Amino acid sequence: MTTTAAPDNTALDIASALIDAARRHGADAADALHRVAGSQSVSVRLGKLEDVDRSESAEAGLRVFVGRRSASVSGSDLSPAGIDELAARAVDMARIAPEDPYAGLAPAASLATGEIVALDLADTHILAPEELRERAAEAEDAARAVVGVTNSEGGGASTSDAQVTLATSEGFCRSYNGTSYGISASVIAGTGAGMQRDYAYRSARHLADLQSPQEIGQRAGDRAVARLDPASVPSGPMPVVFSPRVGGSLIGHLAGAMSAPAIARQHSFLLGHEGESLFPDAIRIVEDPLKARGPRSRPFDGEGVPTAARALVENGKLTGWLTNVASAAQLGLELTGHATRGIGGSPGVAASNIDLLAGEMSVADLIADIKDGVLVDCLIGQGVNGVTGDYSRGAAGRRIVNGAIAGPVAGFTIAGNLLQMFAHMSVASDLEDWRAVNVPTIRIDGMTVAGG
């Protein structure tokens, strides 16, 4: 497939045309998001080609304001006639929508009008379908070569590119593009009722940053075999250690609760805890949407506001809420560059490229004083209450006995409250930097474990 080496001026023209059409049909203000994307993936199973998928799309979303009333529409017919029809429909919908005193566009003074930082998000390397198939097969072969692996759910390889363009009636019209490459493998170990499944995957903006298919496949096989013959866990309070592959979800819950829309709706367990020390002083959580080759990097947010690196948690304390235009207006806060939006609907809020910074202890030192605990490698279910912070998830992983990692365990539940969990958090030194949310191994004391 062909990657987009530079922003396409056609996309800028289409986004501007949508704004012009909205104003022509009577909108007082408008913004338009245009997205062009392409992807290709190949999967194999047991050495044979399983699936080939290729997709290309070009679509746009238009949000219009008539006074304090607004509406959003989306479409893929981006011909002059299609743009005109889309704008007319949006304005007609806005005229009958309820008023919203907080919705609006980012003011011109807040927009990212300076030079766009070079984020190096796009690779020009093209992978042919045959190359994708070869990489998928190499990953599966490596996984199946692990002693104890008995079956396969397949290996996969993919590549994609996308260009995002945002225009507003405040005079903003800018674009950026990026690519992504991925490898995955999923296999089964054991037989009969004792079978266990696990997987491994990796993704990167640039092909050169992607681990080899053999490394990823072997990791999938090793993980599946390590889960064989799991024991049960006794119930009671004990330390719970989260591996990096699952620990990022804890920081995801934090970021979601820090969103100003959640605060405005009083739908966040962080409400009323501003200024408190929620984490130990050594805990620092940072965000960098301008990270070179970052998986969620972007030079401006979904409303055209510039993004910037910042700490989310400093010296154990929150640094403030994450806003978009509507929530900033409702709460009387500044814009923070965290607006995000899809092709349809109003902007939401999200952080980009989050890192829970590493501690000084190795994983061995982190668990050395645990007489009886669990290391969680897999989380099951969605038992997290965003309003109260109550946390309850099914889990599987490994037992920790007398400071050492023992055999596999499964069929247990871990429970607590996120505020208490944050307060009892400590971290190891094994931070890797490739996910959208990167964390080292995390230890949380005092959680409740319910064995099967």
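Student: Which strands each supply at least two residues of the lining of the largest cavity?
Tutor: Keep in mind that we're looking at a predicted model. The lining includes A396 and G397, along with V409 and A410. Check those numbers against the strand ranges, and the strands that each give at least two lining residues are β15 (390-401) and β16 (404-417).

Student: What is the volume of the largest cavity?
Tutor: The structure holds one cavity of 30 Å³ or more. Its lining is made up of Q196, R227, P230, A396, G397, V409 and A410. The volume of the largest cavity comes to about 30 Å³.

Student: By class, how many residues of the lining are nonpolar, polar and charged?
Tutor: Go through the lining list: Q196, R227, P230, A396, G397, V409 and A410. Gly goes with the polar class here, while Ala, Val and Pro count as nonpolar and Arg as charged. Sorted that way, the lining has one charged residue, two polar ones and, for the nonpolar class, four.

Student: Let's move on to rings. What kind of aromatic pair do Y176 and F300 form?
Tutor: The count of aromatic pairs comes to six. For Y176 and F300, the centres are 5.3 Å apart and the planes make an angle of 80°. Planes over 60 degrees apart put a pair in one particular class, and for Y176 and F300 that class is edge-to-face.

Student: Is F300 buried or exposed?
Tutor: The cut-off for buried is under 20% relative accessible area. Y176 has 19% relative accessibility, so Y176 counts as buried. F300 has 2%, so the word for F300 is buried.

Student: Y199 and Y201 also have rings to look at. Why is that pair called stacked?
Tutor: Planes under 30 degrees apart count as stacked, provided the centres lie within 6.5 Å. The ring centres of Y199 and Y201 are 6.5 Å apart. The pair is stacked because its planes are at 20°.

Student: Which residue has its charged end over the ring of Y199?
Tutor: Y199 is in the stacked pair with Y201. A charged end also sits over the Y199 ring, 5.0 Å from its centre. That charged end belongs to R245.

Student: Which residue forms one aromatic cluster with Y176 and F300?
Tutor: Y176 and F300 are already an edge-to-face pair. The cluster takes in these residues plus another aromatic one, F172.

Student: Now the backbone. What is the phi of L46?
Tutor: L46 is in the loop between β1 (29-45) and β2 (48-66), and counts as partly exposed at 35% relative accessibility. Although L46 is not a glycine, its phi is positive, at about 55°.

Student: Where does D120 lie?
Tutor: D120 is another residue other than glycine with a positive phi, near 55°. With a relative accessible area of 38%, D120 is partly exposed. To place D120, look in the loop between α2 (80-95) and α3 (129-144).

Student: What distance separates the C-alpha atoms of V387 and F269?
Tutor: V387 is in the loop between β14 (372-380) and β15, and is partly exposed at 36% relative accessibility. V387 and F269 are 118 residues apart along the chain. Their C-alpha atoms are separated by 4.6 Å.

Student: And what distance separates the C-alpha atoms of A308 and L166?
Tutor: A308 is in the loop between β8 and β9, partly exposed with a relative accessible area of 42%. Along the chain, A308 and L166 are 142 residues apart. The separation of their C-alpha atoms is 18 Å.

Student: How far apart are the end C-alpha atoms of residues 235-451?
Tutor: An unreviewed UniProt entry annotates those residues as "domain: Metalloprotease TldD/E C-terminal". The span is 17% helix and 34% strand. Its end C-alpha atoms have a separation of 5 Å.

How values were computed:
Residues are numbered from 1 along each chain as its sequence is written. This is a predicted model: local features need pLDDT of at least 70, side-chain atom pairs count only at pLDDT 80 or more; totals for chains, interfaces and linings use all residues. Side-chain values use heavy atoms; hydrogens and water are left out. UniProt positions are given in the numbering used here, feature names are shortened, and annotations may be inferred rather than shown by experiment. Helices (H or I, at least four residues) and strands (E, at least two) are DSSP runs, numbered from the N terminus. On a 1 Å grid over the protein atoms alone, a cavity is a set of points where a 1.4 Å probe fits but cannot get out, and a pocket is an open set with protein on both sides within 12 Å along at least five of seven lines; lining residues have an atom within 4 Å of a point. Grid points are joined across faces, edges and corners, and a volume is the space filled by probe spheres set on the points. Buried means under 20% relative accessible area, exposed over 50%, partly exposed in between (1.4 Å probe, protein chains only). A charge sits over a ring if NZ of Lys or CZ of Arg is within 6 Å of the ring centre and within 35 degrees of the ring normal.
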